[in-house]
Amino acid sequence: MKRTAVAASAAVLLLPLSACGGDAEAGDGSTVTVTVGYQSKTINTVTAGTLLRSLGYFEKQLNSLGDGRTYKVVWQDYATGAPITAQMTAGKVDIGSMGDFPLLINAARGRQLDRPTRLVSVTGYNLRGGLNTIVTAPDSELTSLEELKGRKVSTSVGSAADGTLVRALRRAGIDPNDGVEKLNQQPAVGASALAAGSADALSQFVAWPGLLAYQGKAKALYDGAQLNLPTFHGVTAREDFAEDRPAVLDAFLKAQARATDYLNDRPVDAAEKVAEATGLPAEVVYLYNGAQGISTFDPAVKPQLVAALKKDVSILKAAKLTGDVDVDAFVDDQYVKKALGASYGKRLASAPPAAASEAWPKGAKETKSFTSPTRLLRYVAAHSDGIRAAYVPDATTGTLWFADKAVWVADGDKLLPFVAPATAQAYVDRHDGARVISYADALERVA
């Protein structure tokens with residue numbers, strides 16, 4: 001499909017430019033059509049996609065330009081970043097959002113086809129890599145990454161989740177090419193393969209691991225934050241569009257910043273809006289996009305993320321998906337700096353919130369935060385019929401997870417949650433007397 005898309009986009013280069021970003025006479029003024037490619041269910045892009053669209057901020061910002069033009073925004077929804085890149089290099093999408101590995105492919109394809117693109121802002125990020133998770137079936141006997149050797153693993157080649165899989169396998173001493181049978185599948189297909197038993201594990205990006213765990217269709221095997229390498233999603237724009245329509249791109253980035261502030265100020269309401277637009281459970285959206293969520297939202301292009309992007313190039317080169325990518329030429333933060341003005345420095349210096357446990361009571365518009373998992377458990381035990389969802393940060397990585405899906409360890413009076421069994425066992429091995437217990441046991445201990 002990728003080869004077909006690239007071939008099609010190359011053919012389009014021979015045709016006149018599409019109406020995207022162009023003017024069409026409309027009475028005394030003109031109409032400008034702006035096409036935005038986004039991934040509605042890749043929910044750490046929502047400030048440049050699903051939530052932004054729901055709030056209507058981009059359209060409002062364009063209408064306030066007062067330049068005599070009429071603006072029409074066309075939103076095109078895709079499952080992954082690859083088709084967005086194909087449409088951008090064909091001149092049919094002006095602005096798109098996607099993950100770090102697809103962003104590099106976006107940069108490479110744009111340069112290859114003489115339709116260069118630029119990374120202009122960031123949507124959601126996790127400085128340790130917790131946005132990607134490897135999961136197995138609920139009844140799987142696999143408990144560690146090392147046990148994947150010789151097994152079938154579904155992932156989307158060229159995605160950030162594939163990058164996590166490759167790096168994790170290497171650290172486990174497994175050749176990512178020959179040590180496992182990799183199945184290159186779209187996330188939904190991979191989820192079906194896991195359920196059918198035709199895949200032993202699934203490595204995917206937000207929100208698939210959390211969704212499958214919430215539905216009881218998977219359990220975590222490997223927390224991507226164990227890599228301790230940043231992963232993020234960002235906004236890319238065609239270079240010619242940015243140069244021809246700087247006011248439009250400026251409007252988009254200002255609108256994205258407003259959507260970011262909305263999400264950070266009203267996380268429960270934002271989760272509900274995204275859930276309504278995507279059909280995803282709000283509890284899953286909140287796992288990633290909540291106040292203590294796995295993803296932190298900020299449009300600033302942080303140096304840590306650019307540095308991580310440079311490290312990602314070697315993974316794509318080894319997979320023969322790209323050649324060298326000039327990351328410094330691809331990253332262009334001038335537009336977001338201009339759009340955010342004096343607030344940009346503060347955003348650039350901001351850090352993710354400290355990890356905390358949260359409970360979402362039924363019917364509530366706000367969650368309750370707790371300073372320790374034990375205090376959360378006490379609240380849950382006392383309100384067993386009134387909890388919509390409960391979340392706890394992994395004791396090692398800080399990755400938020402559903403409390404009832406976490407692996408719990410009792411260490412004296414301490415109750416510690418972990419996303420994956422291997423990290424829980426590693427803690428037990430280092431602490432005499434510590435042992436893995438069930439969630440039910442954990443609740444009984446605090447009742």
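I start with F402, which is buried, with a relative accessible area of 2%. Buried here means under 20% relative accessible area, with exposed over 50% and partly exposed in between, using a 1.4 Å probe and protein chains only.

Some housekeeping. This is a predicted model, where local features need pLDDT of at least 70 and side-chain atom pairs count only at pLDDT 80 or more, while totals for chains, interfaces and linings use all residues. Residues are numbered from 1 along each chain as its sequence is written, and side-chain values use heavy atoms, with hydrogens and water left out.

Back to F402. F402 forms an aromatic pair with W401, tilted, at 6.4 Å centre to centre and 55° between the planes. Rings of Phe, Tyr and Trp (its six-membered ring) pair if their centres lie within 6.5 Å; planes under 30 degrees apart count as stacked, over 60 as edge-to-face, and the rest as tilted. W401 is also buried, with a relative accessible area of 2%. Both belong to one aromatic cluster, together with Y214, Y286, W360 and Y391.

W360 has a charge over its ring: the charged end of R388 sits 4.2 Å from the ring centre. The rule is that NZ of Lys or CZ of Arg is within 6 Å of the ring centre and within 35 degrees of the ring normal. R258 lies over the face of Y57 in this way, at 3.8 Å from the ring centre.

How many aromatic pairs does the structure hold? There are ten. One of them is F58 with F252: the centres are 5.1 Å apart and the planes are at 85°, so the pair is edge-to-face. F58 is in helix 3 (residues 57-63) and F252 in helix 10 (residues 246-265), so the pair ties together parts 194 residues apart in sequence. Helices are DSSP runs (H or I, at least four residues), numbered from the N terminus. F58 is buried at 0% relative accessible area, and F252 at 1%.

Last, the cavity. The structure holds one cavity of 30 Å³ or more. A cavity is a set of points, on a 1 Å grid over the protein atoms alone, where a 1.4 Å probe fits but cannot get out; lining residues have an atom within 4 Å of a point. The largest cavity has about 80 Å³ of space, a volume being the space filled by probe spheres set on the points. Of its 14 lining residues, the closest to the centre are T164, R167, L229, P230 and T231. Helix 6 gives the most to this lining, with four residues.

How values were computed: On a 1 Å grid over the protein atoms alone, a cavity is a set of points where a 1.4 Å probe fits but cannot get out, and a pocket is an open set with protein on both sides within 12 Å along at least five of seven lines; lining residues have an atom within 4 Å of a point. Helices (H or I, at least four residues) and strands (E, at least two) are DSSP runs, numbered from the N terminus.
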